[in-house]
Amino acid sequence: MIKQIEALKAAGVTEVVLAINHQQPEVMLNFVEEYEKKLEMKITFSQETEPLGTAGPLALARHKLIHESGKPFFVLNSDVICEYPLLEMIEFHKNHGAEASIMVTKVDDPSKYGVVVMEEASEAARVESFVEKPKYFVGDKINAGIYLLNPSVLDRIELRRTSIEKEIFPKIASEKKLYAMVLPGFWMDIGQPKDYLTGQRMYLNYLRKNAPGELLASSGDDVVIGNVMADETAVIGERCLIGPDVVIGAGCVIESGVRLFGCTVMRGVRIKEHACVSDSIVGWDSTVGSWARVADVTVLGKDVQVADAEVIQMSAKPEIIQKV
Amino acid sequence: MVSSMDEKVVAVIMVGGPTKGTRFRPLSLNIPKPLFPIAGQPMVHHPISACKRIPNLAQIYLVGFYEEREFALYVSAISNELKVPVRYLKEDKPHGSAGGLYHFRNLIMEDDPSHIFLLNCDVCCSFPLPEMLEAHRKYGGIGTLLVIKVSPESASQFGELVADPVTNELLHYTEKPETFVSDRINCGVYVFTPDIFTAIRDVSSQTKDTATLRRVSSVEALQPATRNSTDFVRLDQDILSPLAGKKQLYTYETMDFWEQIKSPGMSLRCSELYLSQFRLTSPQVLASGDGTKSARVTGDVFIHPSAKVHPTAKIGPNVSISANARVGPGVRLISCIILDDVEIMENAVVTNAIVGWKSSIGRWSRAEGVYNSKLGVTILGDSVAVEDEVVVTSSIVLPNKTLNVSVQDEIIL
């Protein structure tokens with residue numbers, strides 16, 4: 001999500017509204033304040049008290065989205081990861097001059113998604129219709145969850161549980177006011193932990209090609225394999241082996257002899273000596289004990305303690321472990 | 001009564017044979033089960049060193065049907081070490097424990113001993129042999145059995161017996177009964193006077209008579225001579241049961257530990273028992289260390305002098321590490337047996353497991369057993385390679401396998 005906010009900043013956006021559901025904003029508050037300062041942006045919350053679907057929250061935040069200038073606003077789905085060519089999208093939106101733009105991405109198995117059918121298969125095309133989970137081939141472009149909308153779209157949304165994909169966009173499309181831009185590069189729905197880790201791997205690959213300076217280089221006693229990103233405030237001990245595909249958050253302490261690969265270690269985590277974490281997500285402020293093993297798409301929630309020499313692996317199904 | 005100063009005592013340890021240790025696979029594929037290390041010493045070493053405490057011990061015989069060469073090296077080494085002659089006697093075929101004793105009666109009686117100890121090699125206990133001998137002399141019977149009280153649920157797996165609470169006479173004996181008889185069981189450790197040979201001969205000749213009578217009418221006699229064989233005499237059913245209640249057999253109850261080492265998993269438990277006994281009897285054989293010059297050791301641990309353990313490793317409790325094993329930096333070992341020439345690489349974890357000869361465990365890998373799972377303790381056979389970052393959980397891996405993916409509850413053939 002921070003990547004998205006940074007991309008918005010780069011595209012000239014000055015204010016971000018985080019539309020969140022009824023669950024814990026407390027976790028988010030801490031780092032939002034920090035990023036507000038760091039990025040010099042205004043970041044506010046709009047919290048729903050009942051589920052409002054994918055469009056309802058926009059109606060809820062209506063007063064924050066309407067600006068006297070009448071400028072369009074971005075809507076980003078937080079559980080996707082991709083490149084964010086937002087400046088290009090603004091250009092695209094200006095060029096077609098219509099009410100709404102959506103980003104689409106090409107997928108191999110469109111039958112799993114809602115397919116966006118466009119009038120012509122060019123880079124900038126008008127959306128004709130939406131087909132949810134098509135049984136036969138109608139196209140291979142799907143909704144990438146990134147929209148640029150004129151404020152007038154808000155007039156179409158009532159404050160109730162509404163789906164933007166199923167109710168609002170088809171209507172705009174039928175009025176020939178919706179255009180789709182094909183997203184270059186990778187795209188990944190990271191709503192599932194496994195997909196999140198795959199998305200992270202793709203993103204790190206992207207950084208390797210485009211901004212290798214963001215990645216860690218092998219140095220001294222620590223050995224880094226492949227693409228590894230670590231916050232500058234993270235401390236990594238001796239005789240560790242980190243990578244490939246690891247992201248280490250701010251304030252993390254990785255003690256000596258630790259092995260990490262294919263994992264996300266969120267801010268404030270301590271991984272004790274000789275532990276091994278693979279293909280997993282370790283949530284904020286959690287602790288993984290000495291000689292412990294966390295593997296196989298395990299998701300540790302916030303402030304979870306894994307005991308010394310304990311093994312946590314979900315061979316069968318992914319499971320999210322929350323602090324009790 | 002003859003003065004105990006002049007009496008000689010011999011000990012006979014039944015070691016079984018290659019057709020016996022099947023439940024001990026894959027570890028018995030490489031080595032006779034009696035030589036498998038428990039607490040860093042061959043299984044048979046524990047009863048042998050217990051015999052050393054018997055006053056006037058003249059000789060120790062190992063009786064079994066393994067090839068002599070399999071025991072030759074061990075027997076000569078232990079004879080020198082204990083300064084007691086130890087001899088391996090090979091049976092031409094299984095005779096049963098009483099039959100085996102009887103088969104070698106002339107050799108056993110060579111020194112004209114006043115008492116003969118008979119021990120099963122696969123039991124793990126404190127072997128209170130001098131105490132048994134003293135009790136036996138007081139009782140005045142032909143034999144005294146070591147017994148222990150167990151839970152009523154587990155008793156039926158063993159020989160259950162009833163003893164007179166005052167005189168300790170054996171009143172009733174039954175092997176693996178279907179209904180509960182008693183929570184006192186036979187530990188497989190006995191002391192006899194030479195009269196035991198007469199008792200075995202009597203049973204043996206009776207069996208012979210029965211067999212002769214049967215031969216006319218029964219096709220049984222045409223079957224290969226095994227259990228029907230006239231020189232196959234079991235100690236439990238054929239001797240103890242008939243002699244119970246005849247003022248010939250007595251019991252001595254141990255309050256210490258007792259286990260039977262049937263499976264590899266049990267060897268881990270028995271290793272723990274013997275290591276904790278070492279703590280009391282010979283603490284100098286146990287390892288110590290605080291992580292500065294040598295590895296950090298917690299609890300009872302045996303490390304062979306030739307093994308190399310990195311100072312940053314943490315070892316114990318209940319760990320025994322055999323000759324020439326190498327344990328790398330940051331390794332964690334808990335409740336495990338590491339056999340000869342094993343290599344455990346950095347940051348690996350081994351817990352509730354037995355790692356076979358020349359096997360290797362890769363960096364950040366794990367071999368671990370989970371009690372109450374299907375296979376329990378993890379066992380790696382000879383020359384198994386577990387690659388980096390692989391987790392082997394409650395699995396049995398046969399010799400010469402390479403594991404590059406994690407496995408759980410599997411037998412890898």
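This is a predicted model: local features need pLDDT of at least 70, side-chain atom pairs count only at pLDDT 80 or more; totals for chains, interfaces and linings use all residues.
I will start with one helix in chain B. In helix H3, the buried residues are Gly96(B), Ser97(B), Ala98(B), Gly99(B), Gly100(B), Leu101(B), Tyr102(B) and His103(B).

Next, the nonpolar cores. Which residues touch the most other members of the largest core? They are Val12(B), Ile13(B), Phe117(B) and Val355(B), in a core of 162 residues. Strand E1 of chain B, residues 9-16, gives this core its largest share, seven residues. Take Ile13(B) as an example. Once neighbours within four places in sequence are left aside, Ile13(B) is in contact with Val44(B), Pro47(B), Ile48(B), Ile60(B), Leu62(B), Leu119(B) and Cys121(B). There is also a second, separate core, with 44 residues; among them are Ala61(A), Leu76(A), Val104(A) and Leu204(A).

Now chain A as a whole. Its secondary structure consists of seven helices and 27 strands. Along the principal axes, the C-alpha atoms of chain A fill a box of roughly 60 × 40 × 35 Å. Of its 324 residues, 36% count as buried. If we take the contacts in chain A between residues at least 6 apart in sequence, 43% of them join residues at least 24 apart.

One part of chain A carries an annotation. An unreviewed UniProt entry gives residues 224-313 of chain A the label "domain: Mannose-1-phosphate guanyltransferase C-terminal". That span is 0% helix and 43% strand, and its end C-alpha atoms are 24 Å apart.

The peptide bond between Gly243(A) and Pro244(A) is cis, with omega about 5°. Pro244(A) sits in the loop between strand E14 (241-242) and strand E15 (246-248) of chain A.

Chain B has a cis bond as well, from Gly316(B) to Pro317(B), with omega near 0°. Where is Pro317(B) found? It is in the loop between strand E17 (314-315) and strand E18 (319-321) of chain B.

Two asparagines in chain B have positive phi. For Asn168(B), which is not a glycine, phi is near 65°. This residue lies in the loop between strand E9 (159-163) and strand E10 (170-175) of chain B. Is Asn168(B) buried or exposed? Asn168(B) counts as buried, because it has 20 C-beta neighbours inside 10 Å.

The other is Asn324(B), also not a glycine, with a positive phi of about 60°. Asn324(B) is placed in the loop between E18 and strand E19 (326-327) of chain B. With 16 other C-beta atoms within 10 Å, Asn324(B) is partly exposed.

Last, the place where the chains meet. How many residues of chain B are in contact with chain A? There are 13, and they are in contact with 14 residues of chain A. On the chain B side, strand E20 (332-338) and strand E22 (349-355) each supply at least two residues. By class, that side of chain B has five nonpolar, four polar and four charged residues.

Note on methods:
Residues are numbered from 1 along each chain as its sequence is written. Chains are lettered from A and ligands numbered from 1 in the order in which they are written. UniProt positions are given in the numbering used here, feature names are shortened, and annotations may be inferred rather than shown by experiment. Helices (H or I, at least four residues) and strands (E, at least two) are DSSP runs, numbered from the N terminus. A residue is buried if 20 or more other C-beta atoms lie within 10 Å of its own, exposed if 12 or fewer, and partly exposed in between; C-beta atoms are placed from the backbone. A nonpolar core is a set of buried Ala, Val, Leu, Ile, Met, Phe, Trp, Tyr and Cys residues joined through C-beta atoms within 7 Å. Two residues are in contact if their C-beta atoms, placed from the backbone, lie within 7 Å. Ala, Val, Leu, Ile, Met, Phe, Trp, Tyr, Cys and Pro count as nonpolar, Asp, Glu, Lys and Arg as charged, and the others, Gly among them, as polar.
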